[in-house]
Amino acid sequence: MSKYKFLIVLLFSVVLVAVSALPSPTTEEDDDEDDTTPSRADADDDGRVYKNPRNSPSALCPRDEEQATLLGQKCLRKCSSDEDCKSKKKKCLCDGACGMSCIKPDRECPELEQPEIGKVSLTGRLFGDKAVYSCPHGYHVVGLQSRNCQADGKWAGQPPACKENIYCLQPPTIPHARHSALPEQATFDLDATVQYNCHTGYVTNGFPRAKCLAIDSQASWYGPDITCEPRSCGEPGEVPHGWVTADCHTFGCRAVVQCGQGFELVGKAERYCQADGAWAPKELPTCVQGEKGTV
């Protein structure tokens with residue numbers, strides 16, 4: 001009898017080992033999670049490094065994560081075709097400042113409450129649908145007149161309000177800077193604030209916020225008080241037996257290296273001041289004596 005018990009236990013152990021060795025099932029829902037932590041291969045979202053060689057930046061719908069962050073928008077996995085998406089439920093579609101992204105077209109945005117004054121009409125609550133606001137006679141929509149349902153399941157921007165005649169128009173434009181308001185928003189309520197950031201390669205100097213205030217029944221923006229200065233790369237360096245010519249030493253400037261008579265240039269003749277404040281290429285070229293050259 002003990003022999004049969006031993007065989008049964010042995011057979012049960014073999015079955016357990018075989019089952020544990022099987023790969024765990026992967027549901028489509030698991031693959032459908034938002035991929036916001038990319039692997040090392042596609043960690044850069046600046047349009048230069050991609051896991052998939054087909055996943056090149058789109059000229060019609062570029063990805064601008066800095067602007068998306070300013071707008072409070074969460075970007076999903078970047079793509080150039082449906083094949084770049086992990087889940088069959090996702091499609092490669094344009095998601096505003098986030099550019100071409102892997103999106104669940106059936107993801108819903110929340111219901112919107114009707115405003116105290118005026119009304120909001122929805123074309124739907126799925127990705128790409130719009131919420132359109134309107135006001136009664138004598139009032140104006142202050143804020144976004146329409147809001148899009150984004151891929152992150154949120155409505156773009158903040159809900160507007162119906163106001164009478166005191167409101168601000170679009171915030172001031174600062175050269176080489178962007179602000180936190182959506183570009184389609186044309187009116188702003190009193191006490192609204194916007195935050196400014198200088199473009200990559202420029203340094204922010206001063207107070208970077210503006211606020212809509214009313215003085216003597218007139219609404220106007222106060223601020224920002226900033227300038228965006230191009231980042232400096234310093235002197236481009238010296239080359240023995242040659243010279244370096246540069247009209248300026250800040251972001252976007254070019255330096256040209258030339259060699260004296262009898263010497264030949266080894267390396268790249270041109271260097272450019274980069275957004276991080278460094279000249280590129282990093283290494284200076286050299287001037288070496290030619291075979292028939294004279295000093």
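## Salt bridges, step by step

R178 is buried, as its relative accessibility is 16% and the buried class covers values under 20%. Keep in mind that this is a predicted model.

**Exercise 1.** Find out which residue forms a salt bridge with R178, and where the two partners sit.

*Solution.* Begin with the contact: E66 pairs with R178, and their closest N and O atoms lie 3.6 Å apart. Now check E66, which is partly exposed at 44% relative accessibility.

**Exercise 2.** Decide whether R125 and E108 are buried, partly exposed or exposed, and locate their salt bridge.

*Solution.* The N to O distance between the two side chains is 3.4 Å. R125 lies in the loop between β3 (119–122) and β4 (130–134), and E108 in the loop between β2 (100–103) and β3. R125 has 24% relative accessibility, so it counts as partly exposed. E108, with 48%, is partly exposed too.

**Exercise 3.** Work out which strands the salt bridge between E270 and R254 links.

*Solution.* The closest N and O atoms of E270 and R254 are 2.8 Å apart. E270 is in strand β17 (residues 270–273) and R254 in strand β15 (residues 254–259).

Conventions:
Residues are numbered from 1 along each chain as its sequence is written. This is a predicted model: local features need pLDDT of at least 70, side-chain atom pairs count only at pLDDT 80 or more; totals for chains, interfaces and linings use all residues. Side-chain values use heavy atoms; hydrogens and water are left out. A salt bridge is a side-chain nitrogen of Lys or Arg within 4 Å of a carboxyl oxygen of Asp or Glu. Helices (H or I, at least four residues) and strands (E, at least two) are DSSP runs, numbered from the N terminus. Buried means under 20% relative accessible area, exposed over 50%, partly exposed in between (1.4 Å probe, protein chains only).
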